[in-house]
Amino acid sequence: MNETPCLKSLTDVSTLADLVMRDLDHDCEGFGAHHVCVKVEAVADLPTRFGHFRIVAFYNNRDGKEHVAIVHGDVLGQENVVTRLHSECLTGDALGSLRCDCRDQLGTALSRIAREPCGVLLYLRQEGRGIGLLNKVRAYALQDRGLDTVDANLALGFKDDERDYAVAAHMLASLTLRSVRLLTNNPRKVEEIVRHGIRVVDRIPLVIPANEHNRFYLETKANRSGHFIDFDGKPHVSEQDDPVLVVPENPG
Ligand SMILES: [Zn+2]
Ligand SMILES: [Zn+2]
């Protein structure tokens, strides 16, 4: 079933900056079970080491978290826009933690999007699979004390995933994307976003190139269940809900 609410107020505009004015009084019935509604509040240039982007900052009426879209090229009203949904991971994205693969996934996705005529990465403020930073660190602490992967997963909230892609769907609708090619290794993510009324025309696998930082993925016995053990014996879990695909520079 298509759950898209009435989108009449999300009219086309000619520039990203115009979205701020368009959304001034925006207030729709909201997306998903929690009726989340977002508004574009600010837009600015964002040159990065991965390429040149614009950053679009959103307000949402559910929890006030400040989600952003990192936009490359002209996505307004476009079809087939390469799109990545990335869930915030302070420890991985910003601090370079090797307990997860988030930073590699983020960097690879931004580099990929920068090579396309246009594309967008939604940076979703749902740290630790939606359970928050504090609980994520609590779960790490349990792993440090030897909790097995299954229990650690439970502690990380894997069975009770708090993540909600309704906010992502509304953000894509706010950006007036007509259809997307979703950059993900997880077909379930495609189903989630389609359920919220976004047209997904393709799924593109996110393949992470080998580098010195993801050495442990390549040199240890990565099994298909998506769990990795590093040299200190710490399990790595996929915090992005995406199985990791790392390709060695010289396969075979
Ligand atoms: Zn709305
Ligand atoms: Zn992470």
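**Entry 1. Overall content**

I note at the outset that this is a predicted model. I looked up the secondary structure of the protein chain and found eight helices and 11 strands. I then looked up burial: 37% of the 252 residues of the chain count as buried.

**Entry 2. Glu66**

I located Glu66 in the loop between β2 (51-60) and β3 (68-72). Is Glu66 buried or exposed? I record Glu66 as exposed, because 12 other C-beta atoms lie within 10 Å and a residue counts as exposed at 12 or fewer. Leaving aside residues up to four places away in sequence, I found that Glu66 touches Ala57 and Arg125. I also looked up the pair Glu66 and Glu41, which are 25 residues apart in sequence. Their C-alpha atoms are 9.6 Å apart in space.

**Entry 3. The open sheet**

I traced the order of the strands next. Seven strands form an open sheet, which I read as β1-β2-β3-β5-β4-β6-β7, with mixed pairing. Which strands stand at the edges? I identified them as β1 (38-48) and β7 (200-204). Each has a single partner strand, so one side of each is left without a neighbour in the sheet.

I turned to β5, which spans residues 119-124. Five of its six residues are buried, and I therefore describe the strand as mostly covered, a residue being buried with 20 or more other C-beta atoms within 10 Å. In the sheet order, β5 stands between β3 and β4.

I compared the two pairings:

- β3 and β5 run antiparallel and are joined by five bridges.
- β4 (residues 81-87) and β5 run parallel and are joined by six bridges.

I then looked up individual partners. For Ser87, I found Leu124 of β5 standing opposite.

**Entry 4. Helices against the sheet**

I looked up which strands helix α6 (residues 166-174) lies across, and I list β1, β2, β3, β4, β5 and β6 (180-183). The helix runs at about 75° to β1. Helix α7 (residues 187-195) also packs on the sheet, where I found it touching β4, β6 and β7. I record about 160° between the direction of α7 and that of β7.

**Entry 5. Positive phi values**

Where does His35 lie? I placed His35 in the loop between α1 (18-22) and β1. Its phi is positive, at about 50°, although His35 is not a glycine. I classify His35 as partly exposed, because 13 other C-beta atoms lie within 10 Å.

Asn80 was my next entry, in the loop between β3 and β4. Its phi is near 60°, again a positive value in a residue other than glycine. I count Asn80 as partly exposed, because it has 17 C-beta neighbours inside 10 Å.

Notes
Residues numbered from 1 in each chain as written. Chains lettered and ligands numbered in written order. Predicted model: local features only at pLDDT ≥ 70, side-chain atom pairs only at ≥ 80, totals over all residues. Helix = DSSP H or I, 4+ residues; strand = E, 2+ residues; numbered from the N terminus. Contact = placed C-beta atoms within 7 Å. Pairing = 2+ DSSP bridges. Axes fitted to C-alpha atoms, helices over the stretch in contact; angles between N-to-C directions.
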